[in-house]
Amino acid sequence: MIPIAAPLLADAEADAARAVVLSGWVSQGPQVAAFEHEFAALVGAPHACAVANCTTALQLALTALGVGRGDEVITVSHSFIATANVIRHQGATPVFVDIEPETYNLDCARLADAITERTRAIIAVHQMGMPCDMLALMAVARRHGIAVIEDAACAAGSQIRMNGQWEAIGKPHGDIACFSFHPRKVITTGEGGMLTTADAELDRKFRLLRQHGMSVPDIVRHGSQSVIFEEYVIIGYNFRMTDMQAAIGRKQLERLPQLIARRRALAARYAELLGNIEGLRLPFEPDWARSNWQSYCVRLPDRLDQRTTMQSLLDQGIATRRGIMCSHREPPYAGTDPSHDLRQSELAQDHAILLPLYAQMDLADQERIADAVKGELAR
Ligand SMILES: Cc1ncc(COP(=O)(O)O)c(C=O)c1O
């Protein structure tokens, strides 16, 4: 069976986790601090704050920005459901904007129409690692004074050209960027997340919020020669990452450049292998974007049934996934009658499939996948 994805974890990660276990300090501590420092340097962000996963990162981002009851947050329905759920958990209302069919990202031409006097924030998703058009999006957001959170769950290692310069996703290009280190992502810590920002005050809030609003973190008290009594200055959460996860993450960061190079080579090879198939639409990378190819998404012709095609590929030993889900079609969002047309989002969910892509993928396996896809298209 060729899996849809496979994390690249080896002795380096296992040894790093082992060393932490034997060190005696396993919760948030020096490894988390080092991971944050190295992640910030990698993406060019002034601040990075590690948390339990990207869902909690998004939740802290909205909380730190003061998004709450009665507010509206613009985002895409075409995303993993966490993007919409975090908005609802704040008591705010998600306002869904359709995607562009080429990049599967928010259609910035539709953004201005979705803004009301209640709009407090935009969550821009870099879907499947493909950068969202931040130049266009930020122009609208800044004109209206709306805060921007980047849902960069899938986008560690992706780049965007801003004003002639290639910059890492996470610099950030909005106010806050949120990353995931789930095993389905390009680098993993099992579970894990990271917030980056250029705003020191936001970073200070993230650090308080992730650890119960505690004025002095436990690691500082532990290392102190004098007695410290901490205070709980705001109502916070326990959204901490462990030092074992962070130690694994540091090793994954070392691998990131090679992982991206390999994934980009595999994506280019898919484009060659699948390029001339009538009716199959390949993913589009704008000339201002460099995707990490967290997922490789192809759009089937309308005449092919998605589930039948996926089942047939599975029967041939090839795992695929359907196109990215649409939150507005799930029961908790039923009745959120979208005032905006989400046709492209629905078409992408119903007619796209994700093909296997992972760094250690065999070239012969990739050819087998391409041949199998060709076979389906020839039916
Ligand atoms: C776009 C997007 N946002 C948020 C998340 C949530 O990330 P996590 O699983 O780290 O909470 C995911 C995970 O798949 C995602 O794809």
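**Helix packing and local geometry in a predicted model**

N163 is placed in the loop between strand 6 (159-162) and strand 7 (165-168), where helices (H or I, at least four residues) and strands (E, at least two) are DSSP runs numbered from the N terminus. The structure is a predicted model, in which local features need pLDDT of at least 70 and side-chain atom pairs count only at pLDDT 80 or more, while totals for chains, interfaces and linings use all residues. Residues are numbered from 1 along each chain as its sequence is written, and side-chain values use heavy atoms, with hydrogens and water left out.

With a relative accessibility of 70%, N163 counts as exposed; here buried means under 20% relative accessible area, exposed over 50%, and partly exposed in between, for a 1.4 Å probe and protein chains only. The backbone of N163 has a positive phi of about 50°, although N163 is not a glycine. Between N163 and V86 there are 77 residues in sequence and 32 Å in space, C-alpha to C-alpha.

A positive phi is also found at W293, a residue other than glycine, with a value near 50°. W293 belongs to the loop between strand 10 (289-290) and strand 11 (296-299), and at 8% relative accessibility W293 counts as buried. A further backbone feature is the peptide bond from K171 to P172, which is cis, with omega near -5°; P172 lies in the loop between strand 7 and strand 8 (176-180). Most residues other than glycine have a negative phi, and most peptide bonds are trans.

Helix 12 (residues 363-377) consists of 15 residues and reaches 21 Å from its first C-alpha to its last, close to the 21 Å expected at 1.5 Å a residue, the expected span being 1.5 Å times one less than the number of residues. The buried residues of helix 12 are Q366, I369, A370, A372, V373, E376 and L377. These residues cover an arc of only 160° around the axis, which puts them on the same side of helix 12, the arc being that of the directions from the helix axis to the C-beta atoms. An α-helix has 3.6 residues a turn, so residues three or four places apart point the same way. The cover over the buried residues of helix 12 includes helix 9 (243-274), helix 10 (306-315) and strand 13 (352-355).

Helix 9 also packs with helix 2 (residues 30-43), at an angle of about 25° and with the axes 7 Å apart; axes are lines fitted to C-alpha atoms, for helices over the stretch in contact, and angles run from 0 to 180 degrees between N-to-C directions. Helix 2 and helix 9 are therefore roughly parallel to each other, given that angles under 35 degrees count as roughly parallel, over 145 as roughly antiparallel, 65 to 115 as roughly perpendicular and the rest as oblique. The crossing in which helix 2 passes helix 9 is left-handed, a crossing being left-handed if the near helix is turned anticlockwise from the far one by less than a right angle, and right-handed if clockwise. On the side of helix 2 the contact is made by P30, Q31, V32, A34, F35, E38, F39 and L42, and on the side of helix 9 by D243, A246, A247, G249, R250, L253 and L256, contact meaning heavy atoms within 4.5 Å.

Helix 3 passes helix 7 in a right-handed crossing, and L60, A61, T63 and A64 of helix 3 meet L202, K205, F206, L209 and R210 of helix 7. Helix 3 (residues 54-64) also holds Q59, which counts as buried at 16% relative accessibility. Apart from neighbours within four places in sequence, Q59 is in contact with V86, Q90, Y237 and F239.

E72, in strand 2 (residues 72-76), likewise counts as buried, at 12% relative accessibility. With neighbours within four places in sequence left aside, E72 is in contact with T93, V95, T116, R118, T119, R120 and A121.

M1, placed in the segment before helix 1 (11-23), is exposed, with a relative accessible area of 66%. M1 and G317 are 316 residues apart in sequence, yet 4.3 Å apart in space, C-alpha to C-alpha. Neighbours within four places in sequence aside, M1 is in contact with L314, G317, I318 and A319.
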